[in-house]
Structure formats: structure tokens, C-alpha cells
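Thanks, everyone. Please look at the structure first, and then I'll walk you through a few side chains.

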Amino acid sequence: MSTQPLTPSLPSISVIVPVCGRRSELRPLYSQYKAGIEAIGLPYEFIFVVDGTRTDASRALEELLNDGEDLTVISLTRSFGEAAALMAGFERAQGSVIVTLPAYHQIEAQDIPTLVAALSASDMAIGYRSPRYGNAFDRMRRSAFHGLVNFVTGARLQDLGCGARAMRRQVFEEMDLYGDQHRFMAILATRLGFRVSEVAMRQSPLDRLQRAYRPKQYAHHVLDLFSIFFLVRFTKRPLRFFGMLGAATFGIGAAIIAFLSVQRLFFDEKLADRPALLLGALLVVLGMQVFALGLLGELIIFTHARGMKDYRVQEVIQYPDQNPGTVTSSVEVTDVEAGEGRSREIRHTEPPAMTA
């Protein structure tokens, strides 16, 4: 993966704005985003993805097009979610750098150049709002959620709800988003081997919406977190998850049966009409089934292992065969385009032979 700084020689920057349920007036928002992107000094394009029927948003974007603004508008047939909207925008993006921005006032647009500049040392940069507005309950809720995410995934992230992100094109090319996984893009990118950094961005004064989530939404977030946990930890090792779960279940059931057997053999306790015996047998059978499910998953992974790459190449150093006493005096550095992303290859070349 390359960590070279962005230069004007790179292709354009693609800015994807998914227009979903929460949104602000798009005309002033677009003006702010445009000013922030223009400050970078690189060619750019704006792609607005309207998720479903958003009459007011479509009308505002149509007015911008009539005013001569150079932007792309994609309208989805129905509401598929923000993750699907981002993927639809990426399919039509041309830039080597992808920037995602929310369709409402969340961050100060003047900080967008700082976000993109962070790609000089990483493959993906995500913003976090600082200082962050909110009352004591909001702070407690955010701390609990991010604490749970950090505990489950091992990440150290501060603001997964921030929609301002910048990433190299290779990151999006190797990432498949669905459902509500857009919130966990940084975690998925880390799992794929990309370097992720956080950038402090000032929170917009207009981003002070006091939101009260329904219990159903909290349940959805917990289930999404569980899916991310499984994808990050056990996608390539399903037996570790199902094996541990199956072994624990089998062990509990076996212990119950062993305890009942000791009572029957040495203390003359009857086994008839004892629910514990049924529970123990059920746990033993269930544990074996879960373990077998893990073995089946391992078999599927094994059959597809040849086409799966669980690594990213950062640098290749090649030492050709040399005669004893030969001194390497020159180094040639080239950028290599590979399927897993850009990498730097260092070729050590032998100096030309000296003649008397």
C-alpha cells in the first residue's frame, strides 16, 4: 500500500454524498462542500446519490444542474440504505481518492483539506467531531457504544457516526458494504490490511440535533456490531468461533450427564423423571452440531483459499544472485500497481563492470 503524498498529478477526487433520511438544504451544503474541496487544488467531481423518493432533494439537485453546476445525480428506485448509496456512487466515481460526506451539516467544510491531506500517511482517514456538542446523556450513550465497539473489535475509534471520510480508491475497491456497515468502514478497512487514521474536524454549529433512538434501533446496532465482530475475527477462521461455542456447549452437557451418572452409580439416585438428564443430552447434541458447523465452514474456506488473499504488500525488496565480493551501489525505486493496491518495489542493481 502506498503512503505517498497526494500531488496534482493524481486523477480527480470523487466526492460521494448519499442523500438519505436525514438531510439539510442541499444548495447551501453543496456550496460549502465545493469551497472546501476547491481549497485542495486538485480536480474533483461531486456525486449525489438520492436513496429512494426524496422529492425536495431531487428538486434542489435539479436546480443546481440547471444553474450549470458540474455534478452527477444518481436516483435509486427505492430506499436501500446509506451503504448501498455509497456503493452506487463509487461504481460511477472516477477519482483515485474517494471522499464521502453526509447530506447534512455535520462538520465544518473548511476542514476537508485536512482530512484529505491525512492520506499522505494512511490509506483511509475518518473524521471525528471535536469539540463535540451534546448533553450528559448523549456523551454517556456515545461512550458506551464506542467502548463496546473497541472492546469487541479491538479498534480505538472515537466517532463512528461521522460521515466525513477520505480513502484511496483501492480501499473501496476491496470493500463490499451492505446493510448499515457504512458505520464500520474503518474497522473493515483495518481488517483488510489498510492503514486507517483519525482526523479531528470541527463540528458544525447546525449539527445539534437531539436524537432519541427507539429500542429497536439499539437492538439493530448491537446485531450489526455482532456481525462486524464475526467478520473481523472469524471470517477466515470459522472453526475458532463455532468450535469454541460448540466445545463449551458440549462440555456443559457432558458435565451434567457425568454428574447424573455419578449420582446413579454411587448414590443410587434415579435418572427417570429428571429434566437435567434431558438438558444434558440436548447440550451434548447441540454442541456437536455447532462444532460440525465450524468444520463445514473451514472446509468451505479451504476450498476457496487459493483465490483469497489475507494480506497487503507494502514493500518488496529483491536481492538478485551476486558473485562473492560484488558490491551493490545503486538502488532503483519504482511504484508497482498490483491487485492488492499500490506497492513500492526496490530493485538493487549491480554497477557496470570496470575495465582496466
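A charge sits over a ring if NZ of Lys or CZ of Arg is within 6 Å of the ring centre and within 35 degrees of the ring normal. Arg-22 does this: it lies over the face of Tyr-104, at 4.0 Å from the ring centre.

A quick note on the source. This is a predicted model, where local features need pLDDT of at least 70, side-chain atom pairs need 80 or more, and totals for chains, interfaces and linings use all residues. Numbering starts from 1 along each chain as its sequence is written, and side-chain values use heavy atoms, without hydrogens and water.

Now, aromatic pairs. Rings of Phe, Tyr and Trp (its six-membered ring) pair if their centres lie within 6.5 Å; planes under 30 degrees apart are stacked, over 60 edge-to-face, the rest tilted. The count is 6 pairs. Tyr-44 and Phe-46 make one of them, edge-to-face, 5.9 Å centre to centre with 85° between the planes. Phe-241 and Phe-242 are also edge-to-face, at 5.1 Å and 85°. Ring pairs also link Tyr-30, Tyr-44, Phe-46 and Phe-48 into a cluster.

Phe-241 and Phe-242 are both buried. Phe-46 is buried because its relative accessible area is 0%. Tyr-44, at 28%, counts as partly exposed.

Last stop, Arg-165. Its contacts (heavy atoms within 4.5 Å), leaving aside neighbours within four places in sequence, include Leu-86, Met-124 and His-182. Its side chain reaches the backbone oxygen of His-182 at 3.2 Å.

Technical notes
Polar contact = N/O pair within 3.5 Å; in protein donor to acceptor, adjacent residues only side chain to side chain. Buried < 20%, exposed > 50% of the residue type's maximum accessible area, 1.4 Å probe, protein only.
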